[in-house]
Amino acid sequence: MVLKAVFLEFNGVILKDIDLQRRLMDKILISENLRPDPTEFGQVCIGRSDRTCLDQLLTRRGRATSKASLDKLLAQKSRAYIQQLSADNTLPLYPGLQDFLYQLKAASLPLGVVTAAQKAEVDWVLAQANLIDQFAVTITGNDLTVDEDKPATKLYEQAIARLNEQLPQSASQSASQLAILPEECLAVEASFAGITAAKQARVPVVGVAHFYPYRMMQRQATWAVDYLNEIDLAWIQQRYEPKPLTVSEASG
């Protein structure tokens with residue numbers, strides 16, 4: 001078994017936008033004549049899709065929600081998100097991101113975005129950062145319903161399936177021989193919900209301590225780092241390589 005693909009979360013790994021996300025959700029509540037709770041965003045929103053986040057924030061306050069009403073509010077939120085980032089001088093990309101992307105490119109590993117964030121926001125940021133061409137697949141919260149986001153294991157399953165669809169056909173190998181397996185992928189996540197989603201999809205995870213302390217990430221993820229520039233891709237790749245048998249194992 002070897003490492004064949006890497007998936008990155010968007011919020012918390014690519015873009016440092018958690019404060020902006022919180023402010024925009026608070027703004028939606030205020031526009032609905034509802035009072036924000038400063039502790040609530042971390043409880044129900046981090047690592048979840050905006051649809052699930054908003055649905056939870058509204059239903060906790062006794063508001064009935066529907067797909068149409070959520071779609072309208074989420075579209076407003078995405079427009080405000082893009083407007084705010086457009087007004088800033090630079091995108092708040094996480095330090096170490098470019099170096100890690102360079103490692104992945106040098107290793108010729110297919111790269112994907114797997115996130116519960118909204119597609120409009122992800123596409124806009126990747127275009128502005130000139131990163132679109134670096135990702136073979138982009139799976140977003142638009143591919144989920146509220147019921148599927150508990151946590152979003154489906155996103156990883158879709159990402160792996162789409163990568164497999166892009167594999168070159170070979171007359172000498174069957175589709176099963178060519179397929180990328182979940183165990184041959186690596187996820188980079190910053191939230192507990194994201195780590196759980198990857199692990200439930202059987203994808204090993206590097207947890208980055210951008211939201212939570214390192215010790216907490218260490219207990220949740222396969223591996224943990226404080227910062228992106230601490231991810232040692234060469235070391236991780238060795239964890240995927242088959243270990244040679246010892247003399248006793250070979251003779252036994």
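Student: How many disulfides does the structure hold?
Tutor: The model is a predicted one. A disulfide is counted when a pair of cysteine sulfur atoms lies within 2.5 Å. On that criterion, the number of disulfides in the structure is one.

Student: Which residue does the disulfide join to Cys45?
Tutor: The S to S distance of the pair is 2.0 Å. The cut-off is 2.5 Å. The partner of Cys45 is Cys53.

Student: Is the disulfide of Cys45 and Cys53 right-handed or left-handed?
Tutor: Handedness follows from the torsion about the S-S bond. For Cys45 and Cys53 this torsion is about 65°, so the disulfide is right-handed.

Student: Is Cys45 buried or exposed? And what is the relative accessibility of Cys53?
Tutor: A residue counts as buried under 20% relative accessible area. Cys45 has 5% relative accessibility and is therefore buried. Cys53 also counts as buried, and its relative accessibility is 1%.

Student: What is the relative accessibility of Cys185?
Tutor: Cys185 counts as buried. The cut-off for that class is under 20%. The value for Cys185 is 0%.

Student: How many Å does helix α1 reach from its first C-alpha to its last?
Tutor: Helix α1 runs over residues 18-31 and has 14 residues. At 1.5 Å a residue, a span of 20 Å is expected. The reach in the model is close to that, at 20 Å.

Student: Which helices are among those that cover the buried residues of α1?
Tutor: The buried residues of α1 are Ile18, Leu20, Gln21, Leu24, Met25, Ile28 and Leu29. What covers these residues includes α2 (40-44), α3 (50-59), α4 (67-87) and α6 (119-128).

Student: Where does Arg202 lie, and is Arg202 buried, partly exposed or exposed?
Tutor: Arg202 is a residue other than glycine with a positive phi, near 70°. Arg202 lies in the loop between α9 (192-200) and β5 (205-208). Its relative accessibility is 49%, so Arg202 counts as partly exposed.

Terms used. Residues numbered from 1 in each chain as written. Predicted model: local features only at pLDDT ≥ 70, side-chain atom pairs only at ≥ 80, totals over all residues. Heavy atoms only, no water. Helix = DSSP H or I, 4+ residues; strand = E, 2+ residues; numbered from the N terminus. Expected span 1.5 Å × (residues − 1). Buried < 20%, exposed > 50% of the residue type's maximum accessible area, 1.4 Å probe, protein only. Contact = heavy atoms within 4.5 Å.
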